[in-house]
Amino acid sequence: MPRDGSVMSEAFRRFQADRTRRQARLEQRRAEIYRRAPAVEAIDRELRSTAARIVLAAFESEGSPEEALRALEESNLALQQKRETLLRQAGFDSGALDDAPACPLCGDAGYLPDGAPCRCLMAYYTSEQNRRLSRLMDLENQSFERFSLEWYSRQVSPVYGCSPRDNMRMVREVCEKYATAFSHGSSNLFFTGAPGLGKTFLSACIARVVSERGFSVVYDTAAHILQQFELRKFGREDPYEEDPDRDVNRYLNCDLLIMDDLGTEMELPFAKAVVYQIINDRLVNNRKTVLSTNLSAEETGRRYGEAVLSRIRGEYQIIRFFGEDIRRLKRNC
């Protein structure tokens with residue numbers, strides 16, 4: 001699966017920094033142990049010379065080389081046992097000087113022999129991706145488990161034939177199943193409904209789960225996405241934007257793009273063209289998108305054109321949100 005290069009670069013930097021810190025802690029512990037138990041240092045020097053001694057024994061032994069090797073192995077084992085005793089007597093764990101890698105799969109390299117990122121590095125990737133997502137979304141507090149139906153009315157809507165609560169129960173189930181089973185064969189989602197009904201909350205839930213499963217996820221508002229496309233096209237300098245080329249590449253190539261507040265940006269021909277480009281390019285390349293908007297599908301078509309509406313109707317699962325503004329209800333409590 002494609003991974004965000006800037007996220008992976010930062011993840012690997014943090015991975016290496018932690019590896020360096022672990023090594024530094026080991027060296028500090030080693031110096032302290034050698035200071036408190038000098039005999040341990042002498043044993044370590046002798047153990048490090050074992051390999052050379054084994055080679056010399058194989059060539060210089062007048063008797064059987066196997067006997068010489070066994071004698072060295074026995075001596076080596078005795079030294080290790082003495083070393084463990086000295087460590088315990090000095091108040092340290094017997095494995096205090098072990099230099100085993102934190103990850104046995106890759107030996108703390110971060111990558112497997114076939115070049116694929118190891119799961120230990122991917123844990124850093126997910127952490128960094130979630131850190132970036134958390135700048136815009138409250139991933140810590142927004143989860144499917146925390147999504148409450150209590151704020152949604154039980155009264156059946158004459159328009160939709162069910163209550164807002166029953167509808168949102170279904171919506172939550174659809175979104176949770178989508179996130180936990182996300183793959184390149186998943187559908188695209190079109191969230192439509194008035195403000196304050198949970199669209200952004202459930203978007204955050206999806207982003208969190210899909211990211212934790214190792215996929216590249218980008219969340220952003222439509223206004224900011226369009227701004228980055230504009231900066232790239234017209235080359236306008238903005239001291240607050242680092243690299244519009246990089247951001248545009250992320251929008252087009254991530255596994256899952258969540259584009260929030262579609263329709264709140266300025267209604268310009270350029271915006272219309274960019275929205276079509278994003279939707280069409282991601283469909284052509286089988287990359288998944290969640291669009292969230294206060295507009296209906298038909299209103300979206302009138303704003304961005306029939307080509308966009310056709311793709312939404314044909315390639316997106318349309319999920320309707322209705323009911324009272326939850327944010328307003330909570331403020332009035």
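This is a predicted model: local features need pLDDT of at least 70, side-chain atom pairs count only at pLDDT 80 or more; totals for chains, interfaces and linings use all residues.

Which residues are exposed on the other side of H12? They are Glu 306 and Gly 314.

The buried residues of H12 are Val 308, Leu 309 and Ile 312. Seen down the helix axis, these buried residues fall within an arc of 100°, so they line one face of H12. Glu 306 and Gly 314, by contrast, are exposed on the other side of the helix.

Arg 311 also belongs to H12. With a relative accessible area of 23%, Arg 311 is partly exposed, because the buried class requires a value under 20%. In sequence, Arg 311 and Tyr 276 are 35 residues apart, and their C-alpha atoms lie 9.3 Å apart in space.

I turn now to charge pairing. Side chains of opposite charge can pair when their charged atoms come close. The count for this model comes to 16 salt bridges, and I shall discuss several of them.

Arg 313 and Glu 298 meet through their side chains in a salt bridge, at 3.3 Å from N to O. Arg 313 sits in helix H12, residues 306-315, while Glu 298 sits in helix H11, residues 297-304; the two are 15 residues apart, and the pair links distant parts of the chain. Glu 298 counts as partly exposed, at 36% relative accessibility.

In the first, Arg 30 forms a salt bridge with Glu 27, and the closest N and O atoms are 3.6 Å apart. Both residues lie in helix H1, which covers residues 5-36, and they are 3 residues apart, about one turn of the helix. Is Arg 30 buried or exposed? Arg 30 is buried, with a relative accessible area of 17%.

In the second pair, the side chains of Arg 45 and Glu 41 meet in a salt bridge, with an N to O distance of 3.6 Å. Helix H2, residues 38-48, holds both Arg 45 and Glu 41, which are 4 residues apart, about one turn of the helix. Arg 45 counts as partly exposed at 48% relative accessibility, and Glu 41 is likewise partly exposed, with a relative accessible area of 29%.

Next, a group of like charges. Which residues gather in a patch of negative charge on the surface? The patch brings together Glu 84, Asp 93, Asp 98 and Asp 99. Of these, let me place Asp 93, which lies in the loop between helix H4 (65-89) and helix H5 (119-133). Asp 93 is exposed, with a relative accessible area of 55%.

I come to the backbone. Most residues other than glycine have a negative phi. Phi of Asp 261 is near 60°, a positive value in a residue other than glycine. Asp 261 is found in strand S3, residues 256-262, and is partly exposed, with a relative accessible area of 32%. Asn 286, which is not glycine either, has a positive phi near 55°. Asn 286 has its place in the loop between helix H10 (269-284) and strand S4 (288-293); with a relative accessible area of 37%, Asn 286 is partly exposed.

How many residues apart along the chain are Asp 4 and Cys 254? They are 250 residues apart along the chain, yet 6.7 Å separates their C-alpha atoms. Asp 4 lies in the segment before H1 and is buried, with a relative accessible area of 9%.

The other case is Arg 213, placed in the loop between helix H7 (199-212) and strand S2 (217-221). Arg 213 counts as partly exposed at 37% relative accessibility. Between Arg 213 and Ala 179 there is a separation of 34 residues in sequence and 9.1 Å in space, C-alpha to C-alpha.

Thank you for your attention.

Definitions and conventions: Residues are numbered from 1 along each chain as its sequence is written. Side-chain values use heavy atoms; hydrogens and water are left out. A salt bridge is a side-chain nitrogen of Lys or Arg within 4 Å of a carboxyl oxygen of Asp or Glu. Buried means under 20% relative accessible area, exposed over 50%, partly exposed in between (1.4 Å probe, protein chains only). Patches are made of residues with over 30% relative accessible area and no salt bridge: like charges are joined within 9 Å, nonpolar side chains (Val, Leu, Ile, Met, Phe, Trp, Tyr) within 5 Å. Accessible areas come from the Shrake-Rupley method with a 1.4 Å probe; for residues, only the protein chains shown count as cover. Lys and Arg count as positive and Asp and Glu as negative; His and the chain ends are not counted. The place of a charge is taken as NZ of Lys, CZ of Arg, CG of Asp or CD of Glu. The arc is that of the directions from the helix axis to the C-beta atoms.
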